[in-house]
Amino acid sequence: MRKRWKAKLAVMRIIPAIVLAASTVPFGTQPASAAAEKFPTFVQHAVPSLTSGTADIAGTAFVDQDGEFHWMYSVSNYEQADNGGSWIKYNTSSDLGKLNTNWGTPVTYNSYWNRPGTINYKIDETNGIPTPYQDDHNDGIGIWVDPDTGYWYSLTNDEYQFNPFATGNPTNNQRIATGVHNNRVLSMYSTDKGKTWNLIGQVATSPWNDSDEAVTASGFPGTTWSYGVAGTRFFVDNVNGYFYVLYNNHINWKTGYSNVLTYFHLARSPISAKMAEGSWDVWYNGTWTRSALKGYAGWIGSPMGAGSDHNLTVNYTPETDDLKLTGIGMDDSSLNIGYTKIPSGGDFTFKDPVGSTYTANTVNGTITGPGGSVPSVTYSDPALDATVTVYIESGAVWIKQENNSTGYVTSVKVSAGNPIFKDTATERLFVPVNTQYENAFSYNVYSGKYRSVGYDGYVYETDDLGKPDTFRLVGKLPATVGSYMSQIDTGSLTNQQVSGNSFRAISDLSGKQINYSLPEPDAGHTYYSSYNPPKDNDGADISPLFAYTVSVGGSDLKDGTADQWQFVPVPDEFNPSKNSGFYRLQNVETGNYLKVSGSSPAETRAMGASVSTGPADPNADPNGNGGNGAAAGSDQWYLLPVGNANPAYLSPDSSASDIEAATNTSVAGITKYRLVNRASDRAVEFESGQASIQGIEFDTVNPQVLTITPATAGLAAPTGLTATAAGQSEIDVTWNNAAGAASYDLIVDGALVSGVSSPYKHTGLDANSTHTYQVRALNGSGPSLWSLPVGATTSSGVISEGKTATASSFQTGNNIEYANDGNAGTRWAAVTNSYPQWWKVDLGSTMHITKLENYWYNSATYPRYYQYKIEGSNDDVTYTTILDRTDNKTQGLTTDTFDAVYRYIRVTVTGSNYSGGSASSYEFKVYGEPVQKDPVPAPPVNLTAKAAGDKAIELSWNAVEQADGYNVYRSDTADGEYVKLHDEVLSSTTHTDTGLSASTEYFYIVKAVNAAGESIPSDVVSAKTDKPHATGISVTPDQVELSEGETAQLTAVVTPEDAEDKTITWTSSDNNVAEVSDSGEVTAKGPGTAVITAATAGGAYTATVRITVLDTTLPTIELDEPGKLTGNHYNVEKGTLHVTGKISEPGVVFVNGVQADVMADLTFSADIDLHPGMNRIEATASDLAGNAAEPVGYNVVPSK
């Protein structure tokens, strides 16, 4: 058997050298850290390895029709005789965690290849399945239990036609001994629970087999061959109603398994076809219209590396050994990738994007470029969107291909005889990538997507398993379990079809198991899995803060007559602060949970088991069953989408409408669900008015479809529920009072306790016991929703375990720390048998001590007891005797009870009845609890909050007795995270929170503080800051010139835009010059300058505009008569004429060019020399604005 397994491993050691990613360290690949991985690493949790149940194909976990859990595993050994080395086995238990503590006796089906009546014996004669040498070796993988008949359906990995290129006429045993074979996928079923099996037919075969499904020398005349399809993995898509089989194809060098290329395919068949031959389509270049029998299958996943959304087509011609990978690059260039086999001399060449040629030699470990020898070559290939590095490490040549989008890395060590892939046009290198290498599929209830976990150590998700090229990277595993991997849900430990926030991976070859949990993505991570809650009928996320009515196929789920339910998230098994993706359904009125009736796990999982209600079952415990995990009960559920596809087998002749209906398989946007039990993977369905769990239905009128309707909101549920252990026998439960509540109900460990108040003391408990609580409020209008559950565990009472211990002496290997490590298999022993000897322990602080148990070393051959005394100290200097047991004669365990308060306990061993041994103790346990301090204060009451402007909120509350001060916390939402606002404890009962944003609501709680700690929070209050006050004003334009009578509109803007009061007041410095209206319109009244001021409310901020009103009125001149008018002139005295007159406004006057003297009363005068005869006297003037008056004048004649 081992020889045969090794032969299979030899195959595995070659294949990944070309195809696997960096995380798969064995078999020739090497880890290489990405420069910037844009995805998180999952969190890992240890699990014991399987102690049995291992084989050489992935293990299968399933629940039978009667609810029993089975683990199936299979071996088809290359043995020469029927010695029991080939079999399909299964073991039965309640779940995988329990099974790994006791495997019991398996049910075994002998599948020796030459045993009459088996699925391997002459299958051509029995089943009409071609088999050239009648040497089939079938391993079973995957189980689907037919809900109608209870029959088991399974796939097989059929190894057949051993040593197909053998010459001569070897016997079958001689052929089988070579381990070289053809391969295909078959299907089978059992009517008697796996005691016997019957073949159904072929599922998938190689397109290069002949009509008898044989590999022939004429079919592969060159140096390469395809050994068929293998690496089978099975998944039941209960969303859309398809079986999926993942398998690979190997192109190898003849005549063995040295690999050229491995690539993976996906085939599917409608579940309704029950795995019939000819019902399986294969995915090929975006279609499902090719048969998986001899069908050319597409390469699923991302052959260019995770992050690439382009695929490649494999074009293989066996007659010429031609193998080309064709497709479109990430830069839209055409790809035509071929391979060359590295010759024995070790040389291969390649080019970088600029066309430089390099030669690498795998024998000498060198790289030579245009400039000579180089240690490495790195370039970015736009067609692959990847950075390629060829480098030397430890004398070997490596090629690393790193996807630029994700940081996903694939590395391969190459040597003589290996293939090298290059683009035939550019001669740039290519490393094939298989992101779906024998992966385990599941429907992930946390993300609402299909999940894929594989050998490459990465995790992928997609909305549409029917489009397998759409898998996208969401994280990587810190370590992998190894070959023949499967996955299982960590909460049920029965269900392989689903996964949640956490999952378990299992290698059925090594038995290694690891639990993994979703990580929190960092800021730089763009590829990760996120929570996607299911939706109600309105399309809103289902929330635990709302109540719903739920009907199944039109029948309402009820607890009695109570029909409103809460979807209570089940906490993750490893991080209770996170949602697992699964739910409990809790009735709002009764507080009971929806579950499945039965007195055993199997009964609660059996087909047709009644759905009932009752208290919550315990959550799954990953530490239970010795770390193998203890499964959850029957009260956990998930919402499985009801797919839109009409499952069908397709062919090239299928109509477009049939193809569209069959391929509508995406889960994105689906809001129809089934309610599926986590443990059994069976859905709720009503029959004759009774709800029960049944097999998944896919009928057009589906009796399992849910209607989830939000109920009218009522009284708000209490917030702030906390449970805190108060020693070994008490848990204190507190919550915030709900507005409008008249009373409260508490569910305590599943039992309803009415009329309680906060704080509630749960007393009389056992030490180290865990208890759960939920609270709701009630008033005259009815109950509120239930709070989410909380739990607490009482103290074990042991206060010494793991604390610092010292001793007078110890033997090597029997150190003193072994005496308080919690392990009864280790012990402390003094170095000699002389007395006294002592040990002591520092409890860390002063403790109230009630008991000391000492598990003394004893021997059946040399029985003994020890005399001792127990001492206590608070300073480790002065010790006081607590109890004197120097008369002790009890062997083994001694128990001493007392009442003392000390930090240090010392036990001095004064002697023993056996003189041949030293003082020794397996384990000591000091029991007690911290010295009780003053209790924490009560929470503050009458907390109020009000806005103090636009940047502050004032808080006040009532003083609390026994409080030394107060801490104030603020949150942006009522149920969000509250952050303390100050470093020092407040002494007053008021606080002003400053520096806030305007027009924003803030939420507050206050806790009272004393030396014992903080109180529970006060009720939540909130206040909204005022709208912002004005912080400035501006006016446009900033200056204006007007003529008298003209108007101009000024515009003022108050900042900020959302200021609470944007009132503007307008004023003018001189209304005689300019007036301004309430709207900012300016009217020019008279010449001059005025300042217009715009002011915010209260005048805190102003802005001004300078207004200039121009003088445009022409001045007038009046001249006084100089004498007597005679005709056209005045007669005046000769000599000098004193001309007088008046101007209409201040200005400058000229008379015959002589500037006149202008008086304040605007009169003017000027003296003009006259000449004989007629003289013309003319006055001109201009005002201060430069406006010119019309000239005026008269004629004068001087006397002779």
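This is a predicted model: local features need pLDDT of at least 70, side-chain atom pairs count only at pLDDT 80 or more; totals for chains, interfaces and linings use all residues.
**View 1. The hairpin of β24 and β25.** Welcome to the first stop, where strand β24 (residues 396-403) and β25 run antiparallel and are joined by six bridges. Five residues lie between the two strands of this hairpin. Look in the turn for G407, which has a positive phi of about 85°. Across the pairing, W398 stands opposite K413 in β25. Strand β25 (residues 409-414) is mostly covered, with five of its six residues buried.

**View 2. V481 in its loop.** Here we zoom in on V481, found in the loop between β31 (472-476) and β32 (485-489). Is V481 buried or exposed? V481 counts as buried because its relative accessibility is 5%, and the cut-off for buried is under 20%. Leaving aside residues up to four places away in sequence, V481 touches A505, I506, S507, S510, K512, Q513, I514 and Y516. As for R175, 306 residues from V481 along the chain, the C-alpha atoms of these two residues are separated by 33 Å.

**View 3. The open sheet β62-β63-β66.** Our last stop is an open sheet of three strands in the order β62-β63-β66, with antiparallel pairing. Its edge strands are β62 (944-947) and β66 (990-993), each pairing on one side only. From one strand to the next, the twist averages 20°. Between strand β63 (residues 953-956) and β66 there are four bridges, and these two strands run antiparallel.

How values were computed: Residues are numbered from 1 along each chain as its sequence is written. Side-chain values use heavy atoms; hydrogens and water are left out. Buried means under 20% relative accessible area, exposed over 50%, partly exposed in between (1.4 Å probe, protein chains only). Two strands pair if DSSP finds at least two bridges between them. Contact means heavy atoms within 4.5 Å. Axes are lines fitted to C-alpha atoms, for helices over the stretch in contact, and angles run from 0 to 180 degrees between N-to-C directions.
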